[in-house]
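Here is a short briefing to read alongside the sequence and the model. Please keep both open as you go through the topics.

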Amino acid sequence: MASLSNSNSKGLLQSRELHEYVLETAVYPREPELLKEIRVITANHPECIMATAPEAGQLMALLLKLVSAKKTIEIGVFTGYSLLLTALTIPEDGKITAIDLNRDTYEMGLPVIKKAGIEHKINFIQSPALLALDLLLEDHANRESFDFAFVDADKVSYQKYHERLLQLVKVGGIIVYDNTRWFRTVAMPEEFVREGMKPNRHHIIEFNKFLAADTRIQISQVPLGDGITVCRRLM
């Protein structure tokens with residue numbers, strides 16, 4: 001098995017040519033120009049690999065439409081690719097609660113968000129996510145009121161986010177978790193994994209097991225980007 005260090009791609013399509021084919025044939029031709037602008041801005045950030053993969057974003061946009069999402073929540077915003085995608089997809093009177101500790105990275109993409117004319121849909125909360133979620137839950141009007149949630153934040157807290165989101169997202173609503181393959185390391189023997197990748201690898205492996213056993217949701221782990229797990233709340 002190849003070491004992680006032998007690959008620069010976090011995607012699950014093992015052939016770089018096949019990955020490029022998917023992007024050039026099905027993703028980039030449908031990608032709004034404003035999303036491309038944020039993608040280009042993000043490419044200059046030293047941690048650009050944290051951004052939502054455009055092919056994963058395309059699926060998210062489809063899911064948002066399928067559930068007619070109007071009220072959404074996002075944990076982990078980074079430069080705002082998935083945030084802008086959501087804002088462009090939901091109705092004009094839709095609302096997004098966007099939570100991130102780092103406002104600086106959000107402001108990298110903010111000029112594009114303003115250019116798109118959808119800033120009024122976004123409530124950006126600069127806060128630790130667990131604190132923000134607990135505050136939302138204090139207002140009973142927020143419980144079971146969200147149609148869709150996207151999580152791309154600290155992996156150690158994914159299970160805690162999940163428990164809170166199941167109280168905020170309505171039955172039939174969708175929760176999407178990013179990075180659930182953690183750069184393919186979840187399927188690697190530990191000795192092949194770089195030391196810096198091991199802590200989050202452990203958390204993701206445990207979280208994947210937890211989701212698989214959670215009878216409150218229907219799940220599908222999708223091999224796009226760094227792996228996304230789509231959950232539909234059943235109860």
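Contact here means heavy atoms within 4.5 Å. With that in hand, L84 touches L34, L35, I38, V112, I113, A116 and I118, not counting residues up to four places away in sequence. This is a predicted model, in which local features need pLDDT of at least 70 and side-chain atom pairs count only at pLDDT 80 or more, while totals for chains, interfaces and linings use all residues. Residues are numbered from 1 along each chain as its sequence is written, and side-chain values use heavy atoms, with hydrogens and water left out.

**Nonpolar cores**

- A nonpolar core is a set of buried Ala, Val, Leu, Ile, Met, Phe, Trp, Tyr and Cys residues joined through side-chain atoms within 4.5 Å.
- Buried means under 20% relative accessible area, exposed means over 50%, and partly exposed lies in between (1.4 Å probe, protein chains only).
- The largest nonpolar core has 33 residues, and those with the most contacts inside it are L83, L84, Y106, I113, I122, F148 and V176.
- Apart from that core lies another, of 30 residues, with A132, L166, V169 and I175 among them.
- As general background, nonpolar side chains tend to be buried together in soluble globular proteins.

**Helices**

- Helices (H or I, at least four residues) and strands (E, at least two) are DSSP runs, numbered from the N terminus.
- Helix α4 (residues 81-89) has eight of its nine residues buried, so this helix is largely enclosed by the rest of the structure.
- Those buried residues of α4 are Y81, S82, L83, L84, L85, T86, A87 and T89.
- Helix α2 (residues 33-42) packs with helix α5 (residues 103-116) at an angle of about 170 degrees, and their axes are 9 Å apart. That angle makes α2 roughly antiparallel to α5.
- From α2, the contact is made by L34, E37, I38 and I41; from α5, by M108, G109, V112, I113, K115 and A116. By class, the contact of α2 with α5 has seven nonpolar, one polar and two charged residues.
- For the terms used here, axes are lines fitted to C-alpha atoms, for helices over the stretch in contact, and angles run from 0 to 180 degrees between N-to-C directions. Angles under 35 degrees count as roughly parallel, over 145 as roughly antiparallel, 65 to 115 as roughly perpendicular and the rest as oblique.
- Ala, Val, Leu, Ile, Met, Phe, Trp, Tyr, Cys and Pro count as nonpolar, Asp, Glu, Lys and Arg as charged, and the others, Gly among them, as polar.

**Residues in strands**

- D147 is found in strand β4 and counts as buried, at 10% relative accessibility.
- Beyond four places in sequence, D147 touches V67, A69, K70, K71, V169, K170, G173 and I174. D147 and E33 are 114 residues apart in sequence and 26 Å apart in space, C-alpha to C-alpha.
- T229 sits in strand β7 (residues 228-233) and is buried at 2% relative accessibility.
- Setting aside neighbours within four places in sequence, T229 is in contact with I175, V176, Y177, T180, N208, L211, I219, S220 and Q221.
- T229 and E24 are 205 residues apart in sequence and 24 Å apart in space, C-alpha to C-alpha.

**Residues in loops**

- S127 lies in the loop between β3 (122-126) and α6 (129-138), and it is buried with a relative accessible area of 10%. Leaving aside neighbours within four places in sequence, S127 is in contact with I99, D100, L101 and A132.
- V156 belongs to the loop between β4 (146-151) and α7 (158-168).
- E144, in the loop between α6 and β4, has a positive phi of about 55 degrees although it is not a glycine. E144 counts as partly exposed, at 43% relative accessibility.
- N179, in the loop between β5 (169-178) and α8 (198-213), also has a positive phi, near 70 degrees, and is a residue other than glycine. N179 counts as buried, at 6% relative accessibility.

**Cysteines**

- The structure holds zero disulfides, a disulfide being a pair of cysteine sulfur atoms within 2.5 Å.
- C48 counts as partly exposed at 34% relative accessibility, whereas C231 is buried, with a relative accessible area of 1%.
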